[in-house]
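Please keep the viewer open as you read.

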Amino acid sequence: AEAEREYLAALQLGFSVSPRVDLADLYRSLGREAEAELLLRQTISMAPSAAAPFHALGLALVRTKRYGEALDALA
């Protein structure tokens, strides 16, 4: 819970890809895959040239066995 609060506080300071991807990874580790996916998709829409959220989204999609979508994200 403390880590989530800290990440959310970092997001309030301004847009940055890294804390958003890290927060999505925290959500994943807590079994909150849907929230992680939503956050990654939002990050991609805000920073379409950043590779990290595409990579993280691709891995998230593989974990949920959505292989076609995963290949698109990883491409």
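R63 is partly exposed at 40% relative accessibility, where partly exposed is the range between buried (under 20% relative accessible area) and exposed (over 50%), using a 1.4 Å probe and protein chains only. Its salt-bridge partner is E33, with the closest N and O atoms 3.3 Å apart. This pair links distant parts of the chain, since E33 sits in helix α3 and R63 in helix α4 (residues 51-63), 30 residues apart. E33 is partly exposed as well, at 22% relative accessibility. Salt bridges that share partners also join E37, R41, R66 and E69 into one network.

A word on the ground rules. This is a predicted model, in which local features need pLDDT of at least 70 and side-chain atom pairs count only at pLDDT 80 or more, while totals for chains, interfaces and linings use all residues. Residues are numbered from 1 along each chain as its sequence is written, and side-chain values use heavy atoms, with hydrogens and water left out. Helices are DSSP runs of H or I with at least four residues, numbered from the N terminus. A salt bridge needs a side-chain nitrogen of Lys or Arg within 4 Å of a carboxyl oxygen of Asp or Glu.

How many salt bridges does this rule give? The count comes to eight.

| Salt bridge | N to O distance |
|---|---|
| D25 and R28 | 3.0 Å |
| E35 and R32 | 2.7 Å |
| E33 and R63 | 3.3 Å |

D25 and R28 are three residues apart in helix α2, so about one helical turn separates them. D25 is partly exposed at 39% relative accessibility, and R28 is partly exposed at 29%. In the pair of E35 and R32, E35 is partly exposed with a relative accessible area of 36%, and R32 is partly exposed with 24%.

R41 lies in helix α3 (residues 33-46) and is partly exposed, with a relative accessible area of 35%. Leaving aside neighbours within four places in sequence, R41 is in contact (heavy atoms within 4.5 Å) with L57, L61, R66 and E69.

R20 lies in helix α2 (residues 17-29). Not counting residues up to four places away in sequence, R20 touches L11, F15, L39, Q42, T43 and M46.

Finally, the helix packing. The axes of α2 and α4 come within 10 Å and cross at roughly 15 degrees; axes are lines fitted to C-alpha atoms over the stretch in contact, and angles run from 0 to 180 degrees between N-to-C directions. That makes α2 roughly parallel to α4, a label given to angles under 35 degrees. The contact is made by V17, V21 and R28 of α2 and A52, P53, A56 and R63 of α4.

Definitions and conventions. Helices (H or I, at least four residues) and strands (E, at least two) are DSSP runs, numbered from the N terminus. Angles under 35 degrees count as roughly parallel, over 145 as roughly antiparallel, 65 to 115 as roughly perpendicular and the rest as oblique.
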